[in-house]
Each structure stands twice: as C-alpha cells, then as structure tokens.
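These are my notebook entries on one structure. I record what I looked up, entry by entry.

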Amino acid sequence: MATLTAFTTKLKHSVRRPFPWHIVVFLAPGFLVYTVFMIYPIFGSLITSLYAPNPQNVQQLDFVGLRNYETLLTAPQWTDRLIGAVRNNFVFFTIHMLVQNPVGLLLASLISSQFVRLRTVYRTLIFTPTVLSFVLVGFVWQIMLSPLWGIARGLLQSVGLGDLYQPVLGQESTALIAVSLISVWQYVGIPMMLFTAALISIPDEVIEAARVDGANFWTVFWRIKFPLILPTVGIVGVLTFVGNFNAFDLVYTMQSAMGNPNFSTDLLGTLFYRTYFGFQLQAGNPTMGATIAGVMFLIILTGVLIYLFGYQRRITRVEM
Amino acid sequence: MRNTLVSRGVQQIAAQAILLAYTALAIYPVIIILINAFKNRRAIFRDPFALPTPETFTLVGFETLTTSGNFPLYFFNSFVVVIVSVVCIMLFASMMAFAFSEYKFPGSTLLSLYMSAGIMIPIRLGTVSIIVLMRTLGIIDTLLALILVYVASGMPLAVFVLTSFMRSVPQDLKDAARVDGASEYRIFLLVLPLVRPALGTVAVFNIIPIWNDLWFPLVLTSSDRVKTITYGAQAFMGQFANDYNAILASLTLSMVPVIVLYILFSRQLVRGLTSGAVK
C-alpha cells in the first residue's frame, strides 16, 4: 500500500497526466468481491440451468439448452409443484399488498401527525418484530398458535369466542393465510417507516393551506398527501414483490421445507431448496434447482422492470 | 376554531387507540416468550399469561441450554461474521463511493449502474453457483464463506447510500487538502469521518439481516463449529421441540442481543430509513 502511494505521488509530479491508479485502488476491492461472489454466481446459476447430468456419467454435465425449463413446464411431477409454488407465492404477495402495506400506511399517517403524542415510542415498538429473526418469529407463532399450549385458544375464550379456535397452521385451507399474516406482522415496520419518511417530508404549508380552505382529514390525506407519496408507494410495492418472491425462511422454520400441510405453504424458495438439496427419498438435483432459481429470477426481474419502466417513469413525469 | 379543537381531540383519541392496539399486537408475543421463559413447565401450560411468581420461577430452560447446546460458540461465530462483514462493507463501499463522488472517469456511470443492479436482485438466486464456487475455493463450511457472501450482497445498497452522502461533502475542503500536498488516500481518510451518520446507517442496515440470516448458514455450513446463533437456535429448537422450557430460553437468548442492539441504534436505523426526509 505504502509503495503504491509513493508510486502515485511520484507519477503525479511527472510531466504527462499519470494513470490514476488511486481510482483503481478505491474501486477494486468492492468491485471484485461484488463481482465474484454476487454477479458471477447469479449468472453462473442461470447458465447451470441450461445443463443436465449426463445419463451415463452423472458427474459430467451436458449442455441441454432450455430443456430443463421445458421439463419444469411439461412433466407433471414438476409442473404441479411449480404451479402450486407460484400460486402460493402470488397469494403470499397479495396478502402483503392488501394487509401489510395499507396497515403500514395507516400507522405511518398516525405516527407522522404532529398532534399524536408518544409517536417515537409507538414507532420503536411497532418496528421491533422486524429486527427479530425468522427462526424466532416462526417459533414464537408456532407455539402461540399450537393447540398444545393454547395461547390462541385462551385469548379467544377470554373474549367469548373459544369455539372459533382452529389449528390454523395445520389445516390446508388456512396455513398459507396464517403464515402470510405472520410475515405481515413481522414486516409491517418497513412500509410504516418508509411511508412515515415520505409523509413528514411534505411541507406543512401545503397541508395548512388545504385545512384553511376547509378540507378535512380524509380530503387532506387522499387528495394531497397520497398523491405526493406515490413514489414511495411504488418503492414499497417493488420491495414487497422482490422480498416475497425470494421468501423462504419463515415457511422453512414454521412449516418445514415441504411447505406443510400437503405443500399448501410451499413457495418458490422452499421448492428451490428441496429440489437442490433433495428431500426424503428424492435425491438433490442441482441443475433443476438452478432452473427453479432461473424462474424466480425471471419473475423478480419482470416485477422490477415493470416498476422501473412502467411505474417510476410515469410518476416522475407527473411530479415534474 | 372550537370545532377543529374538538375534532382534533377526537382524532387524538382515535389515533392513540389504533396505535396502542397495534403496539400491543406487535410486542405481545415477545412478552409472552419473556415471561414464560422463567416459569416452570406446569405454570407455562396452566397460566401462560401470568408473570413468574416465586413458586413458579425457574431457570431450568437455561440450564438445558448450557448442557446440550453449544450456544457460547454460536454467539461467538455470529459476532465474528457480523463484525468482519460489516467492517468490510463499510470500508469497501466508502472507498467506491469516494471514487464515484470525487473523480470523473470513463465508464463511471456504467459502473455505478452495475453496482446498483444488486439492490433489486437478491443474491440467493445465485446460491447454486455460490456453493460450487465455495467448494472450488475450499472454503465451504467456513465462516469466511459466509463473510464473503454477506460483503458482496451488502455492497450495492451501501455504495448507493454512501455516494449520495459523499457528494454533499464540500469540495473546498478536499481541494484545500490537495493544495497542502495531501495524497488522494489521505483525502479519503479526511472525508470518512464526515460521513459518519451514513456509515452508521450502513452498519445497522447490515448487522440485523446478517445476524438473522438463516439461508446461507443453512446452505454453506454444516458442522457445529461454524454454526451461527440463528442456525444453531433453529437446529436446537427442532431437536427440543417438546421441551418448552428449553425452547423459550433459547428464544429469549437469541432475541436479547438483537433487541439491545436495536434499542441502542434505533435512532440510526430510523434516520437511515427516513433519510429521504432530511430537509
């Protein structure tokens, strides 16, 4: 490092404009780590999805083009699982969009109001679940909802609704909704924070002016504040999309990599994990695993591109 | 005027009611875990909502942890991974951010776009190749493998946040140093303390997800000596599924560092999340 410094200093005093080595030094470590351990693996996985083990020699991989994707979309044992996981993932995402983000917006609109006391305390406490690990959150809710311990049943009984108690995590019809709502519970803090930031950046004069003109709380919110925070609405939407289609941990800790019961909580993340590492009697299949990661990549990329070119551009134009 | 005051009073009450109800929902499970971790098995099941009393108080769950888990080691591993990763992210990202904000060089826009690409595309999609790569490099099942992955995935957002902060450092300051004959590396070191708030934000943004990550420990490590606390707790809880005392104790233990950290740094975290709002 020291010799390099001396070298560049010497170069600086030479007549010609020296090659700016210091720029290379500043950029190299970050660029290399990012390229080798993030960009290269993402493309490497996509390329792996175009290969399959040779039937004679399993150690050897042959180039097969898009055949893995074809298998995934046509062979029943793959297609059923893939369609199931994609559908569950869309349900998972829809519940986040319909519950997490509106609740986050509601909480943010209350927290950002100057007239509400103890705002910081509420904000800190409501954000707490977001910093907990999936392992924690998964187990906490698993034992809370478990019929064995009976926290959920006890709570329902105390308000006279004991009959409504169901083992929601064990039933095919309710497990996915329950897991989605637990994820909403954990992550509502993020949209809340982002919306709060956007709401407090609206100049007070704008809102006061509307109030003077006789606009009430609702009118101010929907006609003035909401249009001004549309860029944040888009960011929250795309973050939710990417996060949800990449989700794995919560289902894994609560319902195992099988997406119990009977694959009803299986997401693309758990399908990917099972395919790559194998489960029960099925052996792991790295190239099919890479193919599922490829499907996830395409879905996430589509979502991001729709946001970048369909939403963000239009919003910026409206703002100007 | 009186009307607005009355309606503000009503709004205040409604707002407090909603926030209070939601806060209760947010922290209720955490409190249930904490109070039951210190109760004996019978009390846990008979009256889960009660605080521990002298008769029901016990530390038996924590005793199980000391005899059957390797928790001190898991904690140590998590600390090593988090600290080394976060320090590398802060150093490498601020170097890159300094270059982006300070120099004009061919391809700088393209390079900064390349770095930003990683903000939206999750690194997990590269898992298949990461495993092969780590095997080839002979570092699979080591803490180094985890650190490299976390540094790589932390770079894009860190570079993005730090670049915009570095741009706000006054040019005069740097030029004055240059006139005094300071090298570019010295100037970088001069700028670094000035972006401390942004470095704090980057640190908190990375510490919590790295501490909590389950995916990469799960796919890159297998032996007990390199387990992180999150993975260790997961394995432990699976194994002791019916020992509520042990589970509640391990939940409590793995929760404490994150919550302490969160309380200590919550201002930084909020500032980071709301940085767009700084007027």
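I began with Asn262(A), which I found in the loop between H13 and H14 of chain A. Helices here are DSSP runs of H or I with at least four residues, while strands are E runs of at least two, numbered from the N terminus. The phi angle of Asn262(A) is near 50°, a positive value in a residue other than glycine.

I noted the conventions next: this is a predicted model, in which local features need pLDDT of at least 70 and side-chain atom pairs count only at pLDDT 80 or more, while totals for chains, interfaces and linings use all residues. Residues are numbered from 1 along each chain as its sequence is written, chains are lettered from A and ligands numbered from 1 in the order in which they are written, and side-chain values use heavy atoms, with hydrogens and water left out.

I then looked up Pro261(A), which is placed in the loop between helix H13 (249-255) and helix H14 (268-277) of chain A. A cis peptide bond joins Asn260(A) to Pro261(A), with omega about -10°.

I also checked Leu118(A), which is not a glycine but has a positive phi of about 60°. Leu118(A) lies in the loop between helix H4 (76-111) and helix H5 (119-131) of chain A. Is Leu118(A) buried or exposed? I recorded Leu118(A) as exposed, at 54% relative accessible area. (Buried means under 20% relative accessible area, exposed over 50%, and partly exposed in between, with a 1.4 Å probe and protein chains only.)

I turned to Trp185(A), in helix H8 (residues 172-187) of chain A. Trp185(A) counts as buried, at 6% relative accessibility. Its contacts (heavy atoms within 4.5 Å), not counting residues up to four places away in sequence, include Trp141(A), Tyr22(B) and Leu25(B).

I next examined the largest nonpolar core, which has 189 residues. Such a core is a set of buried Ala, Val, Leu, Ile, Met, Phe, Trp, Tyr and Cys residues joined through side-chain atoms within 4.5 Å. Trp141(A) and Met155(B) are among the residues that touch the most other members. Leaving out residues up to four places away in sequence, I listed the contacts of Met155(B), among them Gly30(A), Tyr34(A) and Phe92(B).

Finally, I looked up Leu264(B), in helix H13 (residues 244-273) of chain B. Leu264(B) is exposed, with a relative accessible area of 62%.
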